[in-house]
Amino acid sequence: MRRVAVIGTGHGRFGVRKDATVQELAFEAYREAVDEAAIDPAEIGATWVASVPEYQKQRSLAGVIQEYLGLNPRPVWLTEAACASGSAALHTAWTAVAAGLYDLVAVVGCQKMTELETAEILALMGRVGDVQWESVFGSTFPAYYALFARQHMARYGTTREQLAAVAVKNHYYGARNGKAMFQKEASLEKVLSSAPVADPLRVFDCCANADGAACLLLASAERAKSLGGEVVWLDGLGSASAPMSVLRREDLCSLPSAVEASRQAYAMAGAGPEAVKVAEVHDCFTIAEILALEDLGFCAPGEGGPFTLAGETRTGGRIPVNVDGGLKAKGHPIGTTGVSMAVEIVRQLRGACGERQVAGADLGLTHNVGGIGQYCFVNLFRRE
Amino acid sequence: MFDRFGMITLTRFSKVGGIVDELLAGRFVASRCTRCGARSFPPRADCSECRSGEFEFVEISRRARLLSYTTIHAAPTGFEDQVPYTLGVVELEAGGRAMACYGETLPVDSELGTPVSVVPCVRGKGDGLRAYYTLERREEEADG
Ligand SMILES: [Zn+2]
């Protein structure tokens with residue numbers, strides 16, 4: 001298979017975007033990626049659109065996006081894996097370039113979540129678990145992560161303060177990211193005293209629904225090298241699934257799909273967690289970032305809380321994590337998130353992140369979870 | 001028949017819809033594969049071990065231990081009037097796990113590992129009939 005590079009990145013503003021349709025959001029990110037790569041869009045052989053379709057009124061969204069981007073008659077289709085849709089699209093696009101089917105492709109993550117009425121969103125939220133045996137008892141998305149948090153606290157002594165430290169850190173970096181939904185710091189006190197959602201998780205333990213888009217352009221090694229300069233390669237891919245139902249999971253303190261996906265990605269890239277210089281992990285809830293640190297091998301099981309509180313996940317720490325604000329402060333347009341993570345890592349590897357830049361970043365990781373771990377994708381990007 | 005299972009209806013039809021009749025009769029049941037004997041809770045029509053599609057319901061012990069729980073303050077559609085309510089996941093002594101709401105006898109601050117019973121419940125009648133189960137403090141005489 002051919003080596004595949006990321007040659008262009010684009011990222012729109014995340015937040016409540018009352019000013020734009022989903023295709024207009026997609027165009028913001030697409031324009032930035034094409035301009036950055038300085039390629040002729042006629043070179044784009046196919047487009048993968050990542051989005052969770054239930055949130056938009058438009059049916060079969062991929063067709064609308066491709067038309068609005070002006071890329072007809074080249075092929076397009078939608079990739080869906082809940083909150084990991086973006087990484088699913090990236091993974092699939094990679095296989096097409098690696099196999100030699102196309103030399104240059106676009107991956108567009110786009111999501112408009114805030115167009116639905118609150119009641120419609122709540123109804124959708126109630127159906128994220130197994131609807132046959134769980135949702136009928138009133139489970140919610142935060143409730144599942146609350147079940148994980150409760151177990152983690154009981155088994156390892158993880159504290160509310162350690163959970164809150166994740167939110168404080170991510171808001172610190174969100175305040176320094178011009179594309180983030182919440183560009184405002186949050187104090188430990190504010191996080192700890194926010195309203196309860198699903199005990200022990202509170203409002204500031206949860207990421208927010210958002211609108212927004214991000215775009216990646218992938219190219220074959222030959223095309224990437226022809227552009228000159230250093231290249232960022234997508235060298236390690238891991239993907240795995242786990243039971244939809246929390247009732248079929250062996251352990252509530254780990255996402256088995258994340259462990260398996262990271263094992264694959266590390267093996268493929270020939271690098272372990274100690275070599276990773278910067279990471280984007282799926283912090284849909286504060287406990288989720290702590291589970292990710294442990295599942296990815298950045299620290300031992302049970303140590304994610306103290307590791308975070310000690311500042312090891314900030315710039316200058318052992319492994320800077322979510323220094324763009326993460327889902328927590330950047331916002332979580334669910335289909336877009338995986339693409340957004342990859343954009344941040346590629347830009348970190350290029351040294352283009354200003355005051356959020358991680359010094360010496362040459363290997364970066366993304367960890368993108370769908371639902372409560374039904375899907376997980378881990379990718380390793382290398383600058384060389 | 002499955003549309004009567006749980007607190008609200010999301011799944012109307014299932015091959016294991018007969019669980020509603022079992023709960024109406026006061027029996028807490030798992031599915032059992034009639035070919036290889038594999039049991040499952042939650043019940044499933046198709047055996048995950050031998051792929052047989054033949055199963056029967058068998059009554060199982062209500063004894064369980066609390067694995068984790070959460071008190072929900074932001075409710076999904078259909079549960080707005082019930083907040084805050086507490087939801088638990090329990091490990092069944094008979095194998096498998098169940099998710100259910102706390103019943104009146106189980107304190108919301110019970111520690112993980114606390115012995116509980118999974119108790120069949122019926123509410124309403126006619127079109128309003130619901131069959132489900134709740135988590136209750138384990139009483140010796142309630143052991144299944
Ligand atoms: Zn069988």
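A residue is called buried when its relative accessible area is under 20%, exposed when it is over 50%, and partly exposed in between (1.4 Å probe, protein chains only). At 62% relative accessibility, A:A38 therefore counts as exposed.

This is a predicted model, in which local features need pLDDT of at least 70 and side-chain atom pairs count only at pLDDT 80 or more, while totals for chains, interfaces and linings use all residues. Residues are numbered from 1 along each chain as its sequence is written, chains are lettered from A and ligands numbered from 1 in the order in which they are written, and side-chain values use heavy atoms, with hydrogens and water left out.

## Backbone features

Helices (H or I, at least four residues) and strands (E, at least two) are DSSP runs, numbered from the N terminus. A:A38 is found in the loop between helix 1 and strand 2 of chain A. Its phi is near 55°, a positive value in a residue other than glycine. A:A82 also has a positive phi, of about 50°, although it is not a glycine. A:A82 sits in the loop between strand 3 and helix 3 (85-98) of chain A, and at 18% relative accessibility it counts as buried.

Two peptide bonds are described as cis. One runs from A:N72 to A:P73, with omega near 10°, and A:P73 is placed in the loop between helix 2 and strand 3 of chain A. The other runs from B:F41 to B:P42, with omega near 0°; B:P42 is in the loop between strand 2 (39-40) and strand 3 (55-59) of chain B.

Strand 3 of chain A (residues 76-79) includes A:T79. What is A:T79 in contact with, leaving aside its neighbours within four places in sequence? Taking contact to mean heavy atoms within 4.5 Å, its partners are A:W48, A:V49, A:A50, A:S51, A:S85, A:A88, A:A89 and A:T92. A:T79 is buried, with a relative accessible area of 12%.

## Salt bridges

A salt bridge is a side-chain nitrogen of Lys or Arg within 4 Å of a carboxyl oxygen of Asp or Glu. Over all chains, the structure holds 29 salt bridges. The table gives some of them.

| A:E36 | A:R350 | 2.5 Å |

A:E36 is partly exposed at 34% relative accessibility, and A:R350 is partly exposed at 35%. Both residues belong to a network of salt bridges that links A:E32, A:E36, A:K179, A:R347 and A:R350.

A:E120 is in helix 4 of chain A and A:K57 in the loop between strand 2 (47-50) and helix 2 (61-69), so the pair joins parts 63 residues apart in sequence. A:E120 is partly exposed, with a relative accessible area of 32%, whereas A:K57 counts as exposed at 60%.

## Where chain A meets chain B

The contact takes 33 residues from chain A and 38 residues from chain B. Buried area is the accessible area (1.4 Å probe) that two parts lose on being put together, summed over both. Between chain A and chain B it is about 2,900 Å², of which carbon and sulfur atoms give 66%. In chain A, A:W133, A:F137 and A:L247 lose the most area to chain B, together 28% of what that side buries.

How many salt bridges are there between chain A and chain B? The count is zero.

## Aromatic rings

Rings of Phe, Tyr and Trp (its six-membered ring) pair if their centres lie within 6.5 Å; planes under 30 degrees apart count as stacked, over 60 as edge-to-face and the rest as tilted. The structure holds 22 aromatic pairs over all chains. The ring centres of B:F5 and B:Y133 are 5.7 Å apart and their planes are at 55°, so this pair is tilted. B:F5 lies in the segment before helix 1 (19-24) of chain B and B:Y133 in strand 8 (residues 130-137), 128 residues apart. Both B:F5 and B:Y133 are buried. One aromatic cluster is formed by A:W133, A:F137, B:F2, B:F5, B:F28, B:F41 and B:Y133.
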